[in-house]
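Please keep the sequence and the model in view while going through the numbered points.

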Amino acid sequence: MLKAGIIGATGYTGLALISALVSHPDVTVSLITSNTYKGKKISDIFPLLKGRFETILVPTDDDHAGKCDVYFLCLPHGTSMEAAKKLYDGKALIIDLSADFRFEDVDTYEQVYIPHTAKELIPQSIFGLPEIYRHRIKGATLIGNPGCYPTSAILGLYPLLKAGYLAGDIFIDSKSGVSGAGRETKLGSMFCEVSEGFRPYGVGVHRHEPEIQKEVSKFSKLRVMFVPHLLPMNRGILTTMYSRLSQPLKTKDLLALYRKTYDGEPFVRVMDEGVYPDTRFVRFSNYIDIGLKSFDDGRIVIISAIDNLVKGASGQAIQNMNVALGLSETASLTAVPQFP
Ligand SMILES: NC(=O)c1ccc[n+]([C@@H]2O[C@H](COP(=O)([O-])OP(=O)(O)OC[C@H]3O[C@@H](n4cnc5c(N)ncnc54)[C@H](OP(=O)(O)O)[C@@H]3O)[C@@H](O)[C@H]2O)c1
């Protein structure tokens with residue numbers, strides 16, 4: 001069995017990783033860390049793990065280099081790059097769930113985030129979207145796992161971008177459940193601040209816009225405008241994207257293009273004509289569901305749904321691990337979405 005370490009295991013992405021990896025045929029979680037809860041059993045923090053996974057948390061700040069074959073960094077940006085510096089040896093695989101290794105261009109990262117203190121590792125890192133970069137992920141030693149919103153937007157746009165069919169700026173309107181903000185106590189995530197309301201945030205300044213833009217720019221000169229919203233639900237992202245086509249194309253032909261582009265992809269489900277994604281039907285799964293509609297005058301709307309903690313984070317991280325290490329790509333990710 002390969003040994004996995006989860007650095008920062010007490011957050012939502014750490015829990016989602018543990019929950020999926022307990023059933024992985026080739027990987028066992030041998031290390032879980034937390035500074036706040038060091039010395040405690042993870043099942044005392046998350047009683048859902050009782051009888052299934054009861055490992056004791058060790059301090060995140062200890063030296064964990066050389067202990068595992070794969071490390072998942074489930075830390076805030078900035079903290080992650082410091083952890084990566086200590087762990088990277090070119091042999092163990094490091095998958096960072098923060099933004100620290102998502103940008104090939106350090107200047108863009110620094111404009112959007114903070115000064116980068118592990119610049120020397122950036123050339124090693126691969127942007128972990130298997131549907132686009134599978135060939136580069138195979139054998140990688142450092143993977144920047146994409147953001148949740150960017151996953152929903154980039155995979156929703158990719159077939160059209162690849163085919164060169166988009167001709168107008170792209171307006172991306174996303175709605176996320178509150179777990180997207182993590183488990184740490186924040187005023188804006190508290191029940192009374194979120195329930196029975198619906199609001200945009202980070203308008204024009206959200207850090208995921210440059211992440212989406214950098215991927216769109218690999219295919220076209222089109223500009224992206226991204227507006228996220230907070231929905232009073234636990235998990236899920238619904239992303240609605242509006243643009244113009246270079247030529248009028250029928251919905252059924254575009255759906256056929258999506259099916260062809262994503263042929264054989266285990267986690268992409270293209271909807272039938274007139275059917276649109278719903279966050280309820282991807283919950284707790286690694287699926288991205290995509291639907292679309294085009295209009296005679298060239299307008300188009302594309303809609304995608306993911307679970308932010310699975311395809312938007314930990315599920316995608318496991319998919320990346322599976323690809324990078326040559327394991328079955330779907331191992332421990334075959335759960336049917338949970339409903340109701
Ligand atoms: N939530 C999502 O939907 C989502 C989706 C995609 C990507 N991400 C990214 O994934 C990463 C983890 O997100 P999350 O939602 O799991 O966050 P979270 O629930 O807030 O958990 C954060 C974890 O990081 C640890 N931590 C926080 N500050 C630390 C510090 N200064 N030094 C060492 N450890 C520290 C905490 O450990 P202690 O127990 O020691 O406090 C905790 O285990 C973030 O970078 C986030 O942006 C999240």
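What radius of gyration would a compact globule of 340 residues have, and what does the protein have?

1. Overall size. A compact globule with 340 residues would have a radius of gyration near 20 Å, and the protein agrees with this at 19 Å; the radius is taken over C-alpha atoms, and the globule rule is 2.2 Å times the number of residues to the power 0.38. The C-alpha trace spans about 60 × 45 × 35 Å along its principal axes.

2. Basis of the model. This is a predicted model, in which local features need pLDDT of at least 70 and side-chain atom pairs count only at pLDDT 80 or more, while totals for chains, interfaces and linings use all residues. Residues are numbered from 1 along each chain as its sequence is written.

3. Secondary structure and packing. The protein comes to 10 helices and 13 strands, where helices (H or I, at least four residues) and strands (E, at least two) are DSSP runs numbered from the N terminus. Buried residues make up 46% of the 340 residues; a residue is buried if 20 or more other C-beta atoms, placed from the backbone, lie within 10 Å of its own, exposed if 12 or fewer, and partly exposed in between. Among contacts between residues at least 6 apart in sequence, 70% join residues at least 24 apart, a contact being a pair of residues whose C-beta atoms, placed from the backbone, lie within 7 Å.

4. Domains. The protein is divided into domain 1 (2-146 + 311-324) and domain 2 (149-308), with bounds that come from an automatic or database domain assignment. The C-alpha centres of domain 1 and domain 2 lie 24 Å apart, and the contact takes 18 residues from domain 1 and 24 residues from domain 2. On the side of domain 1 that touches domain 2, α4 (106-112), α5 (130-137) and α10 each supply at least two residues, and α10 gives the most, with six. By class, that side of domain 1 has nine nonpolar, six polar and three charged residues; here Ala, Val, Leu, Ile, Met, Phe, Trp, Tyr, Cys and Pro count as nonpolar, Asp, Glu, Lys and Arg as charged, and the others, Gly among them, as polar.

5. Ligand shell. The ligand is surrounded by 30 residues, of which Gly11, Ser34, Ser98, Gly182 and Arg183 are the closest; a residue is near a molecule if its C-beta atom, placed from the backbone, lies within 6 Å of it. The elements that give two or more residues to this shell are α1 (12-21) and α10 (310-324), and the largest share, three residues, comes from α1. The shell divides into 10 nonpolar, 18 polar and two charged residues, and at least three residues are drawn from each of domain 1 and domain 2.

6. Helix α1. Is this helix enclosed or open to the outside? Because 10 of the 10 residues of α1 are buried, α1 is largely enclosed by the rest of the structure. What covers the buried residues of α1 includes β1 (2-7), β2 (27-33), α2 (42-45), β3 (70-73) and α10.

7. Nonpolar core. The largest nonpolar core has 87 residues, among which Ile6, Leu17, Phe72, Leu73, Ile94 and Leu157 touch the most other members; such a core is a set of buried Ala, Val, Leu, Ile, Met, Phe, Trp, Tyr and Cys residues joined through C-beta atoms within 7 Å. Helix α6 (residues 148-163) gives the most to this core, with nine residues, and the core draws at least three residues from each of domain 1 and domain 2. Not counting residues up to four places away in sequence, Phe72 touches Ala4, Ile6, Ile7, Leu17, Ile95, Leu97 and Ala317.

8. Backbone details to check. Most residues other than glycine have a negative phi, and most peptide bonds are trans. Phe284, in the loop between β11 and β12 (288-294), has a positive phi of about 60° although it is not a glycine. Ser332, in the segment after α10, likewise has a positive phi, of about 65°. Ser332 counts as buried because it has 23 C-beta neighbours inside 10 Å, whereas Phe284, with 19, counts as partly exposed. A cis peptide bond, with omega about 5°, joins Phe339 and Pro340.

How values were computed:
Contact = placed C-beta atoms within 7 Å.
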